[in-house]
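Please keep the sequence and the structure in view while reading.

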Amino acid sequence: MSNGDDLYQVLGVSRTASQDEIKKRYRALAKELHPDLNPGKPDIEERFKRITAAYDILSDPERRGRYDRGEIDASGQERPDQRFYREYAEDPSATRFYTREGFSDDEGLHAFFSDLFGGRAGRGEGMRMRARGADVSYTLPVDFLEAAKGAKKRVTVGGDQQTIDLTIPAGVRDRQTLRLKGQGMPGFEGGPPGDAYVEVHIQPHAFFERKDNDIHLELPVSLAEAVLGGRIQVPTIDGPVSMTVPKGSNTGATLRLRGKGILDAKSRQRGDQYVRLKVVLPKSPDPELEKLVEQWAKSHAYDPRADMEGR
Amino acid sequence: MKTLSEVVVVVGRVDRVELTRWIEFGWVHPETRPGTEPVFSDLDLARVCLICDLRHDLAVEEETMPLVLSLLDQLYELRRQMKALTGALRQQPDEVQRAIMDLIETSRRRGGSLG
């Protein structure tokens, strides 16, 4: 370290930093820059030595005070030249190493290769590359109701006519990826097969629409049902259920069917189904209805656009 | 080669009691012969320095140290084996070396295995 270096800049702390801040900062830098934790980076050692030398002065309040007053400078304060562990630990000519189970030294490269390629080959067999099969990824279109209620499927995927069995969990989300253990490519030399990853693409439904765990549905009702109310049948993912339309229900009125939505994987609770009513007139003009409404309107005029601005 | 007392003096950041504990934990294994003081090689000495840095400067807890050392030992073992492997590859004819480099490059681009 040269005399001109500012020790605070080297550590990246302000001159007013507390001892605790200096310690924390050094710790963070050292974790990143310690040469023995970065064996593949030869140039990191110089930076580490600089921050360590700076820390040695600034971590001691007495020496820090003398440095601040200009009584000592940044030079000549380095630790006795530390030989880092990595210089020895990587040198193949060293007579002894620290090793862990799995790669003990006397087994040499043969064991190393066996470990790399999965499984240990017996010594007499030569080097057989036992290996796990490759993982494969697919996208799978899934019917709306199958996604909502769950299903077991056998599907053919890929150009090579591979079949996979899968269980679609109830309430699976669009673009969710399912991992199918062992359904990827076969292994080599007795190695285990890879996994298959299947991304689910939920197909839209003719009238159900899904928002999170709720289902939304627009339900046509007749004029009579809207005006007079009554019990009607409503489709749900479980099949039709009966629901009461209150008297005088307008288009846009929304009713809720509790617990008829999608199963939430975490809470194991089902969402709700929202039914939005839409009043529908008879398909063809009806002279009787016309006459009736004409009579009625004479004494019951109303303006449904009264709230609209800028007419 | 150094004795335990010499290591304590040279390193300056560990005392006899702590260093003895580290030996008992198996973090450092200097050469020991019955009836004599343990003898530290340069490798052992550098390892003691590393453990000092980890323990004191980087605040690695005593309980966590075996995990850290185990990972480091595996890393260095792998690097030694890689060195041996690259050394062996360099002895091969140029076209073999090139073929292997091409395969590694292809697999890297695919972000996956060689298979």
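A residue is termed buried if 20 or more other C-beta atoms lie within 10 Å of its own, exposed if 12 or fewer do, and partly exposed in between, with C-beta atoms placed from the backbone. The model is predicted, and local features need pLDDT of at least 70, side-chain atom pairs count only at pLDDT 80 or more, and totals for chains, interfaces and linings use all residues. Residues are numbered from 1 along each chain as its sequence is written, while chains are lettered from A and ligands numbered from 1 in the order in which they are written.

**Leu50 of chain B**

Leu50(B) counts as buried because 24 other C-beta atoms lie within 10 Å. This residue belongs to helix H3 of chain B, which spans residues 42-57; helices (H or I, at least four residues) and strands (E, at least two) are DSSP runs, numbered from the N terminus. Two residues are in contact if their C-beta atoms, placed from the backbone, lie within 7 Å. When residues up to four places away in sequence are not counted, Leu50(B) touches Asp36(A) and Tyr85(A). Leu50(B) and Leu69(B) are 19 residues apart in sequence, and their C-alpha atoms are 9.8 Å apart in space.

**The contact between the chains**

In the contact between the chains, 24 residues of chain B meet 25 residues of chain A. On the side of chain B that touches chain A, H3 and helix H4 (65-90) each supply at least two residues. H4(B) gives the largest share of that side, 12 residues. The residues of this side of chain B comprise 10 nonpolar, 5 polar and 9 charged. Here Ala, Val, Leu, Ile, Met, Phe, Trp, Tyr, Cys and Pro count as nonpolar, Asp, Glu, Lys and Arg as charged, and the others, Gly among them, as polar.

A nonpolar core is a set of buried Ala, Val, Leu, Ile, Met, Phe, Trp, Tyr and Cys residues joined through C-beta atoms within 7 Å. The largest such core has 20 residues, of which Ala46(B), Val48(B) and Cys49(B) touch the most other members. Two or more residues of this core come from each of helix H5 (85-89) of chain A and helix H1 (4-11), H3 and H4 of chain B. H3(B) contributes the largest share, 8 residues. In soluble globular proteins, nonpolar side chains tend to be buried together.

**The two chains in outline**

From its N terminus, chain B runs β-α-α-β-α-α-α. The two chains are set out below.

**Strands of chain A**

Two strands pair if DSSP finds at least two bridges between them. An open sheet of 3 strands in chain A has the order E1-E5-E4, with mixed pairing. Its edge strands, E1 (136-142) and E4 (177-180), each pair on one side only. E1(A) pairs with strand E5 (residues 196-202) of chain A in the parallel sense over 7 bridges, and Val142(A) stands opposite Ile202(A) in E5(A).

Another open sheet of chain A has 4 strands in the order E6-E7-E11-E10, again with mixed pairing. Strands E6 (208-211) and E10 (254-257) of chain A each have a single partner strand, so one side of each is left without a neighbour in the sheet. E10(A) runs antiparallel to strand E11 (residues 273-280) of chain A, joined by 4 bridges, and Arg256(A) stands opposite Tyr274(A) in E11(A).

Strand E8 (residues 230-234) and strand E9 (residues 241-245) of chain A are antiparallel and joined by 5 bridges. Val234(A) has Val241(A) in E9(A) as its bridge partner. The hairpin of these strands has 6 residues between them, and in it Gly239(A) takes a positive phi near 110°.

**Confidence**

Chain B has a mean pLDDT of 87, with 96% of its residues at 70 or more; pLDDT is the predictor's confidence in each residue, from 0 to 100. The predictor gives the complex an ipTM of 0.80 and a pTM of 0.49.
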